[in-house]
Amino acid sequence: LRQIQCDVAIIGAGTTGLSARAAAADAGAKVVMIESGPGGTTCARVGCMPSKLLIAAGRAAHAIRGASVFGIEAAAPRIDGAAVMARVQRERDGFVGSVLDDVAALPEDETIQGRARFIGPTELAVDDHTRVEARAIVIATGSSPTIPPELAGVADKALTNETVFELKTLPRSLAVIGAGPLGIELAQAFARLGVRVVVLDKAKAVAGLHDPKVGEVARQILAAELDLNLGVTFEASAGTDGIALRWSGDDGQSGAETFDYVLAAAGRPPNLDGLDLDRAGIALDDKGTPVFDRQTLRCGDSAIFIAGDADHDRPVLHEAANEGRIAGVNAGHFPNVVPGARNVPFSVVYTDPQIAAVGVAMSGSADQAIGERDLRKSGRARVEGRNAGLIRLYARRDDNLLLGGEMVGPDAEHLAHLLAWAIEHKLKAQDLIALPFYHPTIEESLRSAARNLCHDIQSGGVRAASLKFGPGA
Ligand SMILES: Cc1cc2nc3c(=O)[nH]c(=O)nc-3n(C[C@H](O)[C@H](O)[C@H](O)COP(=O)(O)OP(=O)(O)OC[C@H]3O[C@@H](n4cnc5c(N)ncnc54)[C@H](O)[C@@H]3O)c2cc1C
């Protein structure tokens, strides 16, 4: 049995763990990072990057089909499924390879291969070959897909984000369980690549949107090209040539169909099982997740920190990296623990049009003002044949402080960045309007939404007429 003593032990070598490792090492700590899987990060191997590669292929096929709107006639695209998946895998392997190279470049005694579990508040066992005693420990174990109970009988045939990008070619048909960010992105991409896709979700929200108006616009746009069934229950059984599904919902929708594959995209709970957290001496919430401080990432007054997807708070990459850094700084300087800077919540869904949410959600209360812009009217979006969607911005009625927004529309990723930056800088609705906006751009629609927000607030000082700069702004 190998015995190791270090300042900081990090469980997991994903984006969070790697970020924590760098921050703790910068603090001068002797760090050991423990990884049980193949490494390379969820983002690069089975998450952000392969999903965006598949989406890029779907977008290329869609652009060819949509060219006739400009008077350009193109033959229907012939999609070579094996070539599509080969590119996804080739590029994905490149992303994974560069992470693995970075980890391989670390001193050999700073990484341990194996599954870690707590045997005490500052002591870990790694498989049955190593014991690690550390001054502070960072839990950065990420999350994993669940198979919903309805798929229990066909679980061996259900795909998840961990297996779907391994397909050698595109399936003929696919049922996607879950219309959240991951499910809806992949469903649209596969549909655009010629796969018969049906999406089923027991909830009625799409892509995790909270604002009912934005949600309804998003649903309508997506349903125009996807067989989207929200608010349905389903059952599954193994058929002779695939997985047979039968579904029905309150709104009268029902169906029965056999699919080559089913993709389970109904949630990714944190990887906490098997960590023996009961030996860590920390409080757990009713779901078994450690109770932690959002500013310091510390679990109670222990020497344990939790960050990234493992804490089940904001499961997106830039938060994983930032939380990893905060946890790493605090673990490295332990017991000197200081609050880290947190960003405004910010997420993007890579459907077409894109969907984004920034800051606080719509509350529906009278002290929250709302300004919106219908993106069918955007001049630039009309020029490009992409005029669909809605932006809704929220501000505090008292003082016009921008609080958040949700949107579905072309280039929402860029608009959402501007909004997130404006909120971080504590801008008010009228401050946003006073900034320069080039013409014709889709960004102008953000200004229109902010202008309508000012009208709603009745702030005075901002006149609609003075802001009419060009057609479709
Ligand atoms: C399909 C998909 C698409 C996504 N797209 C986006 C996107 O476009 N943009 C975005 O911002 N986010 C996206 N995400 C989310 C993003 O990928 C995650 O938020 C991020 O990768 C989480 O990083 P992490 O380090 O916390 O977890 P991970 O990268 O999963 O790292 C956790 C590591 O811990 C290891 N581990 C677990 N338990 C143990 C143990 N007991 N002992 C040792 N090691 C252990 C695991 O093997 C793993 O390597 C997507 C996710 C998915 C699944």
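## Close-up views of a predicted model

View 1. L54 touches V84, M85, V88, L186, A189, F190 and L193, where residues up to four places away in sequence are not counted and contact means heavy atoms within 4.5 Å. The structure is a predicted model, in which local features need pLDDT of at least 70 and side-chain atom pairs count only at pLDDT 80 or more, whereas totals for chains, interfaces and linings use all residues. Residues are numbered from 1 along each chain as its sequence is written, and side-chain values use heavy atoms, with hydrogens and water left out. The largest nonpolar core has 38 residues, and L54, V164, I184, F190, V197, V199 and I355 are the ones that touch the most other members. Such a core is a set of buried Ala, Val, Leu, Ile, Met, Phe, Trp, Tyr and Cys residues joined through side-chain atoms within 4.5 Å; buried means under 20% relative accessible area, exposed means over 50%, and partly exposed lies in between, with a 1.4 Å probe and protein chains only. Among the elements that give two or more residues to this core are α3 (48–65), α4 (81–104), α5 (181–192) and β9 (196–201), and the largest share, six residues, comes from α5. Helices (H or I, at least four residues) and strands (E, at least two) are DSSP runs, numbered from the N terminus. Apart from this core lies another one, of 30 residues, which includes A356, A420, L432 and L446. In soluble globular proteins, nonpolar side chains tend to be buried together.

**View 2. Helix α3 and the elements that cover it.** With 18 residues, α3 reaches 26 Å from its first C-alpha to its last, close to the 26 Å expected at 1.5 Å a residue, where the expected span is 1.5 Å times one less than the number of residues. In α3, the residues P50, S51, L53, L54, I55, G58 and A61 are buried, and what covers the buried residues of this helix includes α2 (42–46), α4 and α5.

View 3. Strand β4 (residues 116–120) and strand β5 (residues 123–126) pair in the antiparallel sense over four bridges, and two strands are said to pair if DSSP finds at least two bridges between them. R117 stands opposite A125 in β5, and the hairpin of β4 and β5 has two residues between the strands. β5 also pairs with β6 in the antiparallel sense over four bridges, with L124 opposite V132 in β6. The hairpin of β5 and β6 has three residues between its strands, and D127 in the turn has a positive phi of about 45°.

**View 4. T141 in the loop between β6 and β7.** T141 lies between β6 (130–139) and β7 (158–159), and because its relative accessibility is 18%, T141 counts as buried. A polar atom of the T141 side chain lies 2.7 Å from the backbone oxygen of N271. Leaving aside neighbours within four places in sequence, T141 is in contact with I11, N271, L272, L275 and A310.

View 5. Six of the seven residues of β19 (residues 390–396) are buried, so that the strand is mostly covered. β19 pairs with β18 (residues 368–374) in the antiparallel sense over seven bridges, and Q368 stands opposite R396 in β19. Six bridges join β19 to β20 (residues 402–409), and these two strands also run antiparallel, with R392 opposite E406 in β20. V360, in the loop between β17 (354–359) and β18, is partly exposed, with a relative accessible area of 39%. Not counting residues up to four places away in sequence, V360 touches Q368, Y394, L403, G404 and G405.

View 6. What covers its buried residues includes β18, β19, β20, α9 (412–424) and α10 (429–434). Over residues 459–467, pLDDT stays under 50; pLDDT is the predictor's confidence in each residue, from 0 to 100. Where pLDDT is low, the predicted coordinates should not be read in detail. The chain as a whole averages a pLDDT of 95, and 97% of the residues score at least 70.

Methods: Polar contact = N/O pair within 3.5 Å; in protein donor to acceptor, adjacent residues only side chain to side chain.
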